[in-house]
Each structure stands twice: as C-alpha cells, then as structure tokens.
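Trainee: I've got a model open and I'd like to learn how to read it. Can you walk me through a few features?

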Amino acid sequence: MIMENYKDKILISGAGPVGLTAALALLNNDIPVTLIDSYIDVPTDPRASTFHPPTMELLEKIDITEEMLERGLIVNKWQYRDRKKGVVAEFNLDLLSDITKYPFRLHFEQHKYAQMLLNRVSKFKNCKVIKNSTVLESYQDKNGVTIKYNENNSKTKSIKGKFLIGCDGGKSIIRQNLGVSFNGLTFEERFLVLTTSFDFKPYGFSGTCYISDPDEWCSIFNVPADGPPGHWRLVFPESSNRTQTEIFNDSECQKRIQDFFPHPNSKLYNILHKNIYKVHQRIAEKFRVGKIFLCGDAAHINNPLGGMGLNFGIHDAMNIAEKIHLVWTKKKNEDIFDRYDRQRRTVAEEYLLAQTAQNKRDLEEKKTDERIKRQKYLSEISKDNISAKAYLMKTAMFESTKRAKEIN
Ligand SMILES: Cc1cc2nc3c(=O)[nH]c(=O)nc-3n(C[C@H](O)[C@H](O)[C@H](O)COP(=O)(O)OP(=O)(O)OC[C@H]3O[C@@H](n4cnc5c(N)ncnc54)[C@H](O)[C@@H]3O)c2cc1C
C-alpha cells in the first residue's frame with residue numbers, strides 16, 4: 001500500500017477558471033498539484049467573459065495571453081447610455097496605451113478559458129485532475145491538509161497535501177467547513193441573460209454598453225462565440241416572483257428585447273440561450289485559515305456589472321500561487337500567507353464590492369435628480385482625457401492592483 005504524503009503536492013478543490021489558474025501557475029514552478037471537481041466536463045453556460053488589462057498582464061506569467069488574444073474579441077470602447085436619451089458617455093481604453101500593452105477589455109468566454117487551462121495542466125506529469133468527484137470535507141494538522149471526497153460520486157476517499165486552495169465557487173464547501181462566514185447580501189431581483197446572434201454593432205453599440213433606466217435597465221455586450229460578429233448577451237433585472245418557465249417563455253423574452261431595441265427590420269430576434277441567476281455581494285471574513293486558502297468566488301461574489309468577479313479571482317490565484325512557491329522553495333515561512341489575506345481581502349472590499357455596487361446603482365437609480373447628476377458627471381469626465389483616464393484606472397482594475405501590491 002502506498003502511503004499518501006502530505007508534502008508532495010498542493011490540493012485544489014474546484015477546477016473552475018480560478019482553480020485552474022492557480023494550478024497552472026504552480027505547475028509552471030514545478031510544484032505538483034491535484035485538482036478535484038464534481039464536473040465531468042467544463043460547464044459551458046454563459047458566465048464571465050471580460051478580461052481587464054492588469055489580468056492580461058498577470059497572465060503573461062503563465063504564457064496564455066497569446067492564445068487568448070487569438071481567440072478573444074478586443075473591445076476598446078464602452079458606453080454608458082440612458083434608455084431614452086441614448087449615449088451619455090463613451091470611454092476609450094486607448095487612453096491607457098501609455099501604461100499597458102493591453103489598452104482594451106478582452107472578451108473571451110469563461111468556459112473557453114477554463115478548457116484552455118485544463119488542456120494545459122493535463123499535459124504536466126505532476127498534475128492530477130480528479131473529475132466527477134465531490135469534495136465532502138477538509139481538515140488540517142501541523143503537517144498539512146486532508147480532503148475527503150466521493151470518487152465518481154460513489155466511493156469515499158481521502159487525499160493529503162501540503163496546502164489546500166479552496167476554489168470551489170460561491171457555495172464553497174471548504175469555506176463552510178472552516179466555519180468562515182460569508183457576509184453581505186443577496187439581491188431581491190435576479191438577473192436574466194438572453195443571448196442573440198443579432199449584431200448590434202452596426203447600430204452604434206460598442207462591445208460593452210450599460211443602459212440605465214429607473215424601470216428596467218439593460219447591459220449588453222459582444223462575445224466572440226464561433227467568430228465575427230460573435231453573439232450578443234443582454235442582461236436584464238428580473239424582479240418578479242415568476243417561475244423560470246414563465247420568464248423563459250419565448251414571446252416574453254422576445255418582448256423584453258423588442259421593448260428596449262425594436263428590431264430594425266421588424267423581425268424577431270434569434271434568441272440562442274436564456275439564463276437566470278441570483279446575484280449577491282458577499283465576502284469571506286478570512287481568506288486564510290492555517291494551510292487552507294480561499295480564492296475566487298469561494299472568497300467573494302458580486303454582481304457581474306463591470307465584469308470584475310473572475311478577474312479578481314484570477315488575481316487571487318496568481319497571488320497565492322506566488323506565495324506558495326516562496327514557501328515551497330523555503331525562501332519564506334508560512335507567515336507570508338497572512339499577507340495574501342491582507343492584500344486580497346482588502347482590495348475585494350475596497351474595489352470589487354464597492355465598484356460593482358456603484359455600477360448597479362448607476363443603472364437602476366430611481367431618483368431623477370440623482371440619475372441626472374450621475375449622468376452629468378459621467379458625461380463630463382468622459383470628455384476630459386485626464387478625468388476619463390483616472391476613471392478608467394479604477395474601472396479597469398489598475399488601482400486595485402496597485403493597492404494590493406502596496407499592502408505588506
Ligand atoms: C451569469 C454570470 C455572468 C458573469 N459575468 C461575469 C463577467 O462578465 N466578468 C467577470 O469577471 N465575472 C463574471 N461572473 C462571475 C464569474 O463567473 C465567477 O466569478 C467565476 O466563475 C469564478 O470562478 P471560480 O473558479 O472561483 O468559481 P466557479 O467558476 O464557480 O468554479 C468552481 C468549481 O468548483 C467546483 N465545485 C464546487 N463545489 C465543489 C465540491 N464540493 N467538490 C468538487 N468540486 C466542486 C465546481 O464544479 C466548479 O467547477 C459572472 C457570473 C455569472 C453567474
């Protein structure tokens with residue numbers, strides 16, 4: 001019988017985009033990894049699709065940006081619109097070309113990103129991906145961490161590792177097991193996402209648009225799909241108690257889009273996909289407990305307006321992987337992991353939760369004077385290059401990246 005060794009690998013619970021990013025970063029430094037996920041194949045439902053410039057810069061370290069650029073869609077402008085008045089402000093990320101090689105948002109579907117990373121990590125001899133297996137619990141002692149899981153969702157097994165990275169999403173069993181609270185709120189309304197092959201670009205829409213309205217806002221963005229012109233996703237708030245069957249009713253969904261943008265040729269939109277999901281703003285009270293770390297949605301969840309959640313998760317993954325490397329090679333002791341908590345939890349609170357909450361308020365503001373004031377502000381700053389650049393530094397995540405580096 002082979003005795004399992006605590007010290008010979010890092011465990012990662014959850015092979016989603018964040019877990020796979022951490023895995024590839026560790027493997028590139030010759031650190032063995034075992035990932036466990038309950039899926040059989042990477043799920044392909046439409047979720048994140050935006051990669052901000054500092055994320056692209058970080059991902060250069062694991063050598064995947066070239067493939068992302070080949071397959072993704074470059075979006076260098078985004079618009080803030082009013083449902084009735086039209087474009088209120090347009091921000092051009094070219095303004096950041098003096099500080100980054102990536103002055104744009106790269107739109108690239110999350111499932112393609114995850115599959116690309118899964119293909120890469122699977123090539124490493126010191127990587128094991130255990131699929132179709134659900135993590136049940138984890139515990140730690142002074143030597144390392146043990147995970148109990150259901151292999152092929154039938155037989156209970158256990159596995160040991162030196163450290164465990166919990167990347168098992170918003171309902172993280174690792175976080176729950178640690179008794180770490182997930183403070184914040186769940187919004188009353190859900191978000192409805194409709195995907196169409198209709199191309200909005202010839203009608204003046206930039207690749208990302210946020211359209212405010214006190215009754216019903218909409219966010220619309222272009223994703224690469226199988227090639228130009230790609231698909232367009234439209235996100236609407238759904239504040240009723242209707243069932244999914246009622247919400248997904250074809251004529252209801254059609255009406256939703258037509259009410260916002262009557263089809264220019266008086267036709268029906270081709271709706272390819274419908275998705276409804278709950279939205280939260282929550283953060284774990286700790287990102288580190290001993291030898292266990294929380295990353296990505298296991299550590300923080302937020303509304304998707306601004307496309308930041310996955311980006312922050314990737315930054316968490318790269319941060320913890322770097323620190324594990326320093327400890328693995330004995331250049332630092334485990335105290336450095338407290339810095340992971342300080343850096344990532346601080347910026348998640350100060351930037352991720354704050355900015356995404358502001359983005360939602362910008363779209364839904366019901367008070368006319370507040371809405372006009374905010375629109376005036378955004379319109380004015382968009383016309384002044386210095387103010388627009390400062391705003392983009394924040395919304396494109398440069399500020400949070402800088403702030404995290406400054407925290408000791
Ligand atoms: C509709 C939608 C749109 C979004 N749009 C954006 C966007 O535009 N930009 C953006 O940045 N973010 C967006 N997000 C957020 C983004 O999708 C998440 O931040 C991202 O999925 C987080 O990745 P993750 O790897 O941390 O978690 P997940 O993607 O949730 O991955 C967790 C993995 O853990 C596995 N797992 C969970 N529990 C267990 C268990 N007990 N045992 C084994 N495996 C387990 C799951 O199978 C999964 O593979 C959106 C989210 C949604 C829902």
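This is a predicted model: local features need pLDDT of at least 70, side-chain atom pairs count only at pLDDT 80 or more; totals for chains, interfaces and linings use all residues.

Trainee: Which residue in S12 is the bridge partner of Ile 12?

Mentor: Ile 165 is the partner of Ile 12. That bridge belongs to strand S1 (residues 10-13) and S12, which are parallel and joined by four bridges. S12 also runs parallel to strand S19 (residues 292-294), with three bridges, and there Gly 166 is partnered with Leu 294.

Trainee: Where do the side chains of a strand go?

Mentor: In a regular strand they alternate between the two faces of the sheet. In S12 (residues 163-166), Phe 163 and Ile 165 point one way, while Leu 164 and Gly 166 point the other, and all are buried.

Trainee: What span should helix H8 have, at 1.5 Å a residue?

Mentor: Its 20 residues, 309-328, should span 28 Å, and the end C-alpha atoms are 28 Å apart, so the two agree. Of those 20 residues, 15 are buried, so H8 is largely enclosed by the rest of the structure. After H8 comes Lys 330, with a positive phi near 60 degrees.

Trainee: How many C-beta neighbours does Thr 44 have inside 10 Å?

Mentor: Thr 44 has 13, so it counts as partly exposed; a residue needs 20 or more to be buried, and 12 or fewer make it exposed. You'll find Thr 44 in the loop between strand S2 (33-36) and strand S3 (50-51). Its C-alpha atom is 16 Å from that of Gly 19, 25 residues away along the chain.

Notes
Residues are numbered from 1 along each chain as its sequence is written. Helices (H or I, at least four residues) and strands (E, at least two) are DSSP runs, numbered from the N terminus. Two strands pair if DSSP finds at least two bridges between them. The expected span of a helix is 1.5 Å times one less than its number of residues.
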